[in-house]
Amino acid sequence: WYGVTYSVALATIPTSGTIGVSSTITFVDANNFTVDGYLVGSNASSGVGLGQYTLANGATYGNTNFTTFNNLCIAVGQYLTTAKSTGGLFTSLLGSPPSNGRYIESHKGRVFIANTSAGASRLHYCYLNNPEDWTTIAGASTDAGYIDVGLDDGETITGIKTIGSVLLVFKQTSTWALFGSNATDFKVRKISPNIGCAAPRSIVACDTFAIFLSNQGNRYIRHR
């Protein structure tokens with residue numbers, strides 16, 4: 001029944017690309033359907049399709065996160081190969097990006113991906129203005145690279161968000177900020193030693209401040 005929309009409890013469908021306690025599924029054709037508006041392939045031959053799930057597999061997966069960069073929509077997820085779309089099915093992002101990333105954000109001409117299979121405290125960034133180059137490291141300001149944030153502190157990155165000119169990096173009980181403009185001067189500093197983000201999808205940014213649910217209740221951060 002192409003074009004027909006169904007509301008289905010998350011317990012019975014893959015949860016990639018969904019928010020909330022239920023999901024809206026619309027069948028597009030014999031091989032594809034959308035989940036809350038995100039196009040998902042039900043046939044592995046059709047493309048990455050946010051995990052190549054089928055509607056009936058009953059799997060439970062972590063939510064998928066997205067960012068846009070130029071004409072690309074880029075998707076990451078705990079169980080996903082990093083993927084891209086220009087409006088159709090998702091295919092693998094080129095350039096050896098990190099896999100199984102939990103969080104993604106566009107910031108200062110780069111895509112940043114955090115909490116990946118390479119490390120739960122690792123923050124990766126692509127080559128300047130090229131989200132399909134994650135390996136060029138030549139000592140230049142345009143290089144790709146990564147930064148370990150609070151390594152060995154027993155916590156994981158729980159979200160990233162741009163406010164003003166800085167990129168906030170949240171962990172369970174601490175908050176950090178990435179300062180600088182390029183690969184040669186990026187610096188991460190801890191801006192709160194005891195307040196972190198307890199709910200990644202609670203983070204909302206507006207201009208120079210962000211609101212989020214912390215380990216101590218609702219909080220906001222302002223960057224001047």
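**Core and salt bridges in a predicted model**

Trainee: In which strand is Thr 162 found, and which side chain does a polar contact of 3.1 Å join to that of Thr 162?

Mentor: This is a predicted model. Thr 162 belongs to strand E13. Leaving aside neighbours within four places in sequence, residues in contact with Thr 162 include Glu 105, Leu 167 and Ala 205. The 3.1 Å polar contact joins the side chain of Thr 162 to that of His 107.

Trainee: How many residues does the largest nonpolar core have?

Mentor: Strands E10, E11, E13, E14 and E15 each supply at least two residues of this core. Among the residues with the most contacts inside the core are Phe 112, Ile 157 and Val 169. The size of this largest nonpolar core is 14 residues.

Trainee: What is the relative accessible area of Lys 171, which forms a salt bridge with Asp 153?

Mentor: The closest N and O atoms of Asp 153 and Lys 171 are 3.0 Å apart. This pair links the loop between E12 and E13, which holds Asp 153, with strand E14, which holds Lys 171. Asp 153 is partly exposed at 33%, whereas Lys 171 is buried, with a relative accessible area of 0%.

Terms used. Residues are numbered from 1 along each chain as its sequence is written. This is a predicted model: local features need pLDDT of at least 70, side-chain atom pairs count only at pLDDT 80 or more; totals for chains, interfaces and linings use all residues. Side-chain values use heavy atoms; hydrogens and water are left out. A nonpolar core is a set of buried Ala, Val, Leu, Ile, Met, Phe, Trp, Tyr and Cys residues joined through side-chain atoms within 4.5 Å. Buried means under 20% relative accessible area, exposed over 50%, partly exposed in between (1.4 Å probe, protein chains only). Helices (H or I, at least four residues) and strands (E, at least two) are DSSP runs, numbered from the N terminus. A polar contact is a pair of N or O atoms within 3.5 Å; within protein, one must be able to donate a hydrogen and the other to accept it, and residues adjacent in sequence count only if both atoms are side-chain atoms. Contact means heavy atoms within 4.5 Å. A salt bridge is a side-chain nitrogen of Lys or Arg within 4 Å of a carboxyl oxygen of Asp or Glu.
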